[in-house]
Amino acid sequence: MATQLKPSIECSKEEWQARLDLAACYRIFDHLGWGESIYNHISIKVPGEEDTFLINPFGLLYDEVTASNLVKIDVEGNNVGPSQYMVNKAGFTQHAYFHKHLGARADAICHVHTTATMAVCSHKDGLMPTNFYACNFQGQIGYHDFEGVTVREEEGERLVENLGDHTILMLRNHGPVVMDKTIQGMFVKMWALQRACEIQVATLGMGNPNIVPQEVVDVHQRDISVMQSQGGAGVFDFEAWKRKIDRIDTSWRD
């Protein structure tokens with residue numbers, strides 16, 4: 001595996017590791033087909049700093065994102081890092097509000113427009129307990145009605161209210177926001193949500209879905225929580241995918 005011995009920009013060791021992880025995450029999303037041209041976002045809080053986070057440069061495809069060209073901004077929208085790239089207002093407004101108001105549970109956030117997740121967000125019943133992965137999330141998702149492109153800060157209050165105590169917010173007719181304390185946890189949660197939505201779309205296409213009863217969902221969630229703890233909340237998954245993209249292209253480490 002390729003290694004990065006020292007930062008190519010001036011920053012703390014902790015920030016550089018966060019940059020590496022975030023750049024890797026963009027490349028993994030791209031490899032999995034989760035990109036959306038130059039749009040959508042993954043962001044991560046800068047370790048050891050208050051109210052600053054890293055996000056993708058507006059205008060670059062996900063496979064052009066590197067550790068050094070990520071944009072460091074504060075929650076007021078000021079560019080406080082070395083990158084001279086712009087930040088998409090829609091991404092900044094939504095992500096900044098979550099980073100500012102939700103604390104550690106939103107240290108890592110992604111928002112995607114994959115076909116399967118958007119389809120489920122556009123279905124009146126949202127994510128249904130029709131498959132193994134969907135059962136992971138029953139009772140653990142908030143829903144927010146579509147208000148148009150998210151560029152108005154005042155919508156943030158309603159986003160947080162509808163999220164509740166959860167870490168996934170399905171923006172109806174739009175797409176999901178997935179968050180976690182770590183980028184590894186956010187990634188594996190997004191991966192499972194994507195699979196849940198893909199399988200639901202395929203199942204509903206056949207008609208007559210078999211709905212899993214709530215008492216079985218409860219047992220499933222109890223047992224899956226034990227199994228997940230063995231994987232370090234997505235650490236093994238994320239490191240495996242980093243090795244995968246390293247075999248393809250190591251430029252994300254620049």
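Q: How are H6 and H8 oriented to each other?
A: An angle from 65 to 115 degrees counts as roughly perpendicular. In this predicted model, helix H6 (residues 183-206) packs against H8 at about 85 degrees, so H6 and H8 are roughly perpendicular to each other. Their axes lie 8 Å apart.

Q: Which residues of H6 and H8 make the contact?
A: From H6 come Ile183, Gln184, Phe187 and Val188. From H8 come Val235, Asp237, Phe238 and Trp241. By class, six residues of this contact are nonpolar, one is polar and one is charged.

Q: At what angle do H1 and H8 pack?
A: Helix H1 (residues 13-31) meets helix H8 (residues 235-248) at about 75 degrees, and the axes are 9 Å apart. The range for roughly perpendicular is 65 to 115 degrees, and H1 and H8 are therefore placed in that class.

Q: Which residues of H1 and H8 meet?
A: H1 contributes Gln17, Asp21, Ala24, Cys25, Arg27, Ile28 and His31. H8 contributes Phe238, Trp241, Lys242, Lys244, Ile245 and Ile248. The residues of this contact divide into seven nonpolar, two polar and four charged. Phe238 and Trp241 of H8 are also listed in the contact with H6.

Q: Is Lys242 buried or exposed?
A: Residues under 20% relative accessible area are called buried. Lys242, which is found in helix H8, has 6% relative accessibility and therefore counts as buried.

Q: What is Lys242 in contact with, leaving aside its neighbours within four places in sequence?
A: The partners of Lys242 are Gln17, Asp21, Ala24, Ile28 and Trp252.

Q: What is the relative accessible area of Cys11?
A: The partly exposed class lies between the buried limit of 20% and the exposed limit of 50%. Cys11, in the segment before H1, has a value of 22% and is partly exposed. Not counting residues up to four places away in sequence, Cys11 touches Trp16 and Arg19. Cys11 and Val178 are 167 residues apart in sequence, with a C-alpha to C-alpha distance of 27 Å.

Q: How many helices and strands does the protein have, and how compact is the protein?
A: The protein has eight helices and seven strands. Its radius of gyration is 18 Å, close to the 18 Å from the globule rule for 254 residues, so the protein is as compact as a globular protein of that length. The C-alpha trace spans about 55 × 45 × 30 Å along its principal axes.

Q: What share of the residues is buried?
A: Buried residues account for 48% of the 254. The accessible surface is about 11900 Å², with 53% belonging to carbon and sulfur atoms.

Key:
Residues numbered from 1 in each chain as written. Predicted model: local features only at pLDDT ≥ 70, side-chain atom pairs only at ≥ 80, totals over all residues. Heavy atoms only, no water. Axes fitted to C-alpha atoms, helices over the stretch in contact; angles between N-to-C directions. Helix = DSSP H or I, 4+ residues; strand = E, 2+ residues; numbered from the N terminus. Parallel < 35°, antiparallel > 145°, perpendicular 65-115°, else oblique. Contact = heavy atoms within 4.5 Å. Nonpolar A, V, L, I, M, F, W, Y, C, P; charged D, E, K, R; others polar. Rg over C-alpha atoms; globule rule 2.2 N^0.38 Å. Buried < 20%, exposed > 50% of the residue type's maximum accessible area, 1.4 Å probe, protein only. Areas by Shrake-Rupley, 256 points an atom, 1.4 Å probe, with all protein chains shown as cover.
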